Amino acid sequence: MRPLWSGLGLLATGLGIAGVVLPLLPATPFFLLAAFAFARSSPRLHAWLTGHRRFGPVIADWQRHGAIARRAKVTAVAVMVLTLAAGALAGLQAWLLGVQAAAMAGAAAFILSRPEPPRDPAAAAAEARADAAEAAGDDAGAAGG
C-alpha cells in the first residue's frame, strides 16, 4: 500500500503546486491530501510538506484544529464569486451557472463553517517545524533500531 499512498501524495502535491499558479485550481485541498497520503507512506516527504514555510502552517491548523485562517476563507470565497461572475460574463448557459453556483455555495458554506486557528501564524509555523523535525527524528530512529 505504501507505493499507492506515495503515488497519491506525489500526484496531490503536483496538483497543489499547479493550484498555486492556476487561479481556478485550489491548492490547499491537494496539499492536505498529500500530507494525509505521505503520513501513510513517507515520513520524509510528510516532514518536508508539513515543515514547508508556506503550506506547513495551513496543514498544521487543519490537522490539529480543523481550522482555516480568515484570510484563506476570504480568498477562497472571493475566487468562487469571481469565477461565477466570469462564467456569467462569458455567457455560460443558465443551467451551468446554476450548477456552479450550487457547488460553490456548498464549498463556501463548508469553508466558512470551519473555525479559525487559535494562535498566530508564527507559532503555528514553529509548531509545524517542530513536528516535522520530530517526525524526521522518529524515522531516523526507526531505521537505526
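**View 1. His46 is buried, with a relative accessible area of 16%.** Buried denotes under 20% relative accessible area, computed with a 1.4 Å probe on protein chains only. The model is predicted: local features need pLDDT of at least 70, side-chain atom pairs count only at pLDDT 80 or more, and totals for chains, interfaces and linings use all residues. Residues are numbered from 1 along each chain as its sequence is written, and side-chain values use heavy atoms, with hydrogens and water left out. His46 lies in helix 3; helices are DSSP runs (H or I, at least four residues) numbered from the N terminus. Leaving aside residues up to four places away in sequence, His46 touches Ala35, Phe38, Ala39 and Gln63, contact being heavy atoms within 4.5 Å.

**View 2. Helix 2 (residues 28-39) packs with helix 3 (residues 43-50) at an angle of about 150 degrees, their axes 8 Å apart.** Helix 2 is therefore roughly antiparallel to helix 3, a term for angles over 145 degrees. Helix 2 contributes Phe31, Ala34, Ala35, Phe38 and Ala39 to the contact, and helix 3 contributes Pro43, Leu45, His46 and Leu49. Of these contact residues, eight are nonpolar, one is polar and none is charged.

**View 3. Ser42 is placed in the loop between helix 2 and helix 3.** Ser42 is buried, with a relative accessible area of 11%. The side chain of Ser42 reaches the backbone nitrogen of Leu45 at 3.1 Å.

**View 4. His46 and Phe36 are ten residues apart in sequence.** In space, the C-alpha atoms of His46 and Phe36 are 8.2 Å apart.

Methods: Axes are lines fitted to C-alpha atoms, for helices over the stretch in contact, and angles run from 0 to 180 degrees between N-to-C directions. Helices (H or I, at least four residues) and strands (E, at least two) are DSSP runs, numbered from the N terminus. Angles under 35 degrees count as roughly parallel, over 145 as roughly antiparallel, 65 to 115 as roughly perpendicular and the rest as oblique. Ala, Val, Leu, Ile, Met, Phe, Trp, Tyr, Cys and Pro count as nonpolar, Asp, Glu, Lys and Arg as charged, and the others, Gly among them, as polar. Buried means under 20% relative accessible area, exposed over 50%, partly exposed in between (1.4 Å probe, protein chains only). A polar contact is a pair of N or O atoms within 3.5 Å; within protein, one must be able to donate a hydrogen and the other to accept it, and residues adjacent in sequence count only if both atoms are side-chain atoms.
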